[in-house]
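Notebook, fold and packing. I went through the strands first, then a helix pair, then the cores.

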Amino acid sequence: MLSDADVDNKIPTQGLRYADASDSEYYILLTKDKKPICRTRCLNPPEHLPHHWNVNDIVPTSKIILDGMSHCFLSPAPECSRDHNEWRRFLIYLQGRDMVAIAKFKFWEFYILPPNQTSNFTNIRVAYKMEKTRNASNGRGHGESGRSCQVVRPTATKANINDSPTLPVNIVKETVSREYACIQAGPLEKNFVRADPSYLQTLGQAHSGWIFGAIAELVDNSRDAKATKLEISIESIYFKKAGKDIPMLSIIDDGHGMTHQDVVRMTYFGHKQPDADDPNRIGRFGVGFKTGAMRLGKDALVLTQTADSRSIAFLSQSLNQGKDNLEIPIVSYYRKGQFMELDTVVQSEATAKYNLKSIKEFSPFNKYLIGEKAGLFQDKCTGTQIYIWNLDQWGSNYCLEWDNGLNGGSSFHQGDILIRSRRIRSRPGQISQKVPLDHSLRSYLEVIFLVPRMKIYVQGSLVRSRPLAKSLNKTCVETGIIMGKSAHLTLGRCQLEWEQMNCGIFLYWHGRLIEAYKRVGGMIHNGDTGRGVIGVIDDEGNGLVWVHNNKQGFLDCEPYARLEEWLGKVADEYWDNKFDSLNVVKDGALYKPDQEWVQCNKCRKWRMLDPGFDTKSLPVEWFCYMKPFEGLCDLPEQKVDAGVVTVSAKRTGYDSRENSLPFEGIATIKVEDMSSDSIGLSRMAEDSSPLKRIRRGLPRACKKV
C-alpha cells in the first residue's frame, strides 16, 4: 500500500495526463447504489474519465488481483459537512474490513483501495483498467496489456454498505437534486448483460429432447477442426471431493486445437454469424460447446493444444454455485523449446495460479492428472480433449449407460454408449419400434455424416461408417427446383430398413445429418407404404433451408414446406411405380445394394467392389492393398457418373444363385432431364419375371371372431 508521502514518486506515467490548470477542476461524484457519498477530485485523471462513479460492488482485497493495472488518486472535494462525514465513514468501512470498492462504467473498471492505517484520507489510491480489443495475430496479443483483474464475488452483496451500521447513507433533497443534475450532465450510460450461473443449465435445455444431439455438437466441432480421429468413451475416475469413483465422458480429437483467443471466443454466448455460407463448416451459432457440454453434465474441462500453445478452460456449474456472475477459469501456456511455459502476455501469474486452484478444487483434475492428459498430445501433436462429469441423471441412474464390449477388439460385440430409456423419438407416421440410432450412439455415428472421413471410436472400438446413398438397391436420383434452388434426392431400398420396418428421408445439412426417417407423402398415413425405402438429400450450402441452433431440425418456413411437398410427391411416385406392384418371390428375399463399398482405414477413401461381393467377409480395419481392391491409397476415389444409375438384381437370402438374375442383365439407365415445371422419375429397368405377393397373417377361413 502506498503512503500519502509516496504519491509523487509512485504515480505511473504511461497513458496518463497529469493534473494542470484544467485538471484541477476535474471533479467526480462518487455514489453507492445511486446515492451520493462525496464529490471528489482526481489528481491524475486518464483520458476520457467519466464524471460519475457508482460503486457496484464491494469485495475483500484477497479476492482481487491488481498486477499490471494503472493507478490514479482521489482526494475529497466536499460541498458540505455531510459530504465530508460520508467520505470518512466510507473509507473507514473499507479500512476496517480490508475491502475494495468496485465501480464500473462502460469499458472502465475502477477499484477504490482501502487506505492504510496512517492515512489521513486525503489521497486515496484507485486502480483502474479499460477493456480494449486485443491484437490476436499469431495467437498472442500486443499493445494494451492483456492482464486483467479477475474478481470472485462469493460474499459481495449490495448490503455490504447499506445494511452496515457503520455506514448509513442519509439522503436530503439538496443532495438528491445535485445527484440528478450530475447524472444528467454526464456521458450516456449503456447497459451490459451479466450472465447468472443458472444460465448454464438453461443452455443445456437446447438438447433436452435427445441427449445424443449434445454429443453431436462436440463431434461437429472436431470435424470443423479438421480432425482425422475422434475417440468417445466413458470411464470411471476417482473424485476426491465426492470421495468415490464417478463416470466421466471424454471426447478427444487430433484437430488443429485452439489458441488462447479461440478458447476465450469459445466461452462467448454466441458470436456474429459469418456472411458466407461455408458448406465445409458445420458450426454456425457459437453455442454448440456450451449447450452440448451442459446437457451432458454439470462440469466440463477443455484441454487444447496447438503447435505453439496449450490452454485449459473450465466451464462449471459447481464452481459458480451461489455466485452472482459467471466465472470461467482459463489458463494458457506457450511453447518454449520442448516445454510449455506460462503465458504472461494473456494473463498474470497470480491469475493463472488462482484459476488452476479453482480447477483443482472443483474437478477430479490435479496436477498429475492434467499432466497425464497433456501427455496424450505427444511431442508437437495438436488436438482438443473435453472431459465432462457429474453426468445428467435418469431417475436414480445416469441418463447414459455404456458397454465396453468384448476384450481383444472383437467385432462380434463392440462397445457402445446407449440412452438408458431406449425411447423411440416421435415422428409422424412412425410405427416401428426398431430404430437403433435413436438410443445407440454407435448406430447414430454410422450415418451422422453424408461422406464420412473421420475415424470415430466409441468405447475403444472403431465405428464402421454406413454411407446411406451408397448402400441402396434400385437407386434413383431425382432433381427438382424449389423456389429457384436446386434439390437432389437419392432414393432406393435398404434391406436393413426393410427388416426393421423403417422408411423415410434422411435430410443432411452441410453433410451433417439433421433429420432421420422423416416420413413424407403416403408414408405418414400408412405404416406399410414405403417400407424399406430410404431417401438422402443434402443442402450443400445453397441456402435452400436453414437449421435450428440445436441442429436437430429445420426452421418452419416456406422453402421447407415446399421441400416437404416435393419429397412426398417424388417418394410416392417412386413407391407406386417401382415397389407397390412388385411382389416378393418368397420369404427371406434380400435387396442387396446396387454397389458394394468399403472404406480404407488409412486414406479414408471409399472403394467400389465387384457386384455380389460379400462385404461381411472383410475385416473391421480394411486397407486399399487388401483384397478385392488390391490397389494404392494414392488412387482417386471412384464415383458413379452423374445421371447414371446401376440397377442390380434381386437375390434371395438362402441361395442367391438359383433365384437371382444373371449379372449380365444389369442395366445402365440415364436419368431424364428435368425442368423446373415438371418432376419426373428416373426410368429404371424392371425385373422381367412377375412375382407373387405373399399375404401375412391367418387365412380368412381361420379369422378370429
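I began with strand β10 (residues 297-305), which is joined to β14 by eight bridges, the two running antiparallel. Thr 304 has Thr 384 of β14 as its bridge partner. For the record, the model is predicted: local features need pLDDT of at least 70, side-chain atom pairs count only at pLDDT 80 or more, and totals for chains, interfaces and linings use all residues. Residues are numbered from 1 along each chain as its sequence is written, and side-chain values use heavy atoms, with hydrogens and water left out.

I noted the conventions for elements. Strands (E, at least two residues) and helices (H or I, at least four) are DSSP runs numbered from the N terminus. Two strands pair if DSSP finds at least two bridges between them.

Next I looked up what else β14 pairs with. Strand β9 (residues 244-253) is joined to β14 by five bridges, also antiparallel. Here Ile 251 has Ile 386 of β14 as its bridge partner. I then checked burial, where buried means under 20% relative accessible area, exposed over 50%, and partly exposed in between (1.4 Å probe, protein chains only). β14 (residues 383-391) is mostly covered, with eight of its nine residues buried.

I turned to β1 (residues 27-32), also mostly covered: five of its six residues are buried. Six bridges join β1 to β2 (residues 35-42), and these strands run antiparallel. Leu 29 stands opposite Arg 39 of β2. The two strands form a hairpin with two residues between them, and Asp 33 in the turn has a positive phi of about 55°. Lys 32 has Val 55 of β3 as its bridge partner.

I then traced an open sheet of five strands, in the order β21-β22-β25-β23-β24, with mixed pairing. Its edge strands are β21 (473-482) and β24 (512-518), each pairing on one side only. Neighbouring strands of this sheet are turned by 20° against each other on average, direction ignored. Within the sheet, β22 (residues 485-493) and β25 (residues 533-539) run antiparallel and are joined by five bridges. Arg 493 has Val 533 of β25 as its bridge partner.

How do the axes of α6 and α8 cross? I used lines fitted to C-alpha atoms over the stretch in contact, with angles from 0 to 180 degrees between N-to-C directions. The axes of α6 (residues 212-224) and α8 (residues 288-296) come within 8 Å and cross at roughly 140°. The helices are therefore oblique to each other, since angles under 35 degrees count as roughly parallel, over 145 as roughly antiparallel, 65 to 115 as roughly perpendicular and the rest as oblique. Contact means heavy atoms within 4.5 Å. Among the residues making the contact are Ile 215 and Leu 218 of α6 and Phe 289 and Leu 296 of α8.

Last came the cores. A nonpolar core is a set of buried Ala, Val, Leu, Ile, Met, Phe, Trp, Tyr and Cys residues joined through side-chain atoms within 4.5 Å. In the largest, of 89 residues, Ile 232, Tyr 444, Leu 445, Phe 506 and Leu 563 touch the most other members. Helix α13 (residues 558-580) gives the most to this core, with eight residues. Leaving aside neighbours within four places in sequence, Leu 445 is in contact with Val 219, Ile 232, Ile 456, Val 458 and Val 463. A second, separate core of 28 residues includes Trp 53, Ile 58, Ala 103 and Phe 110.
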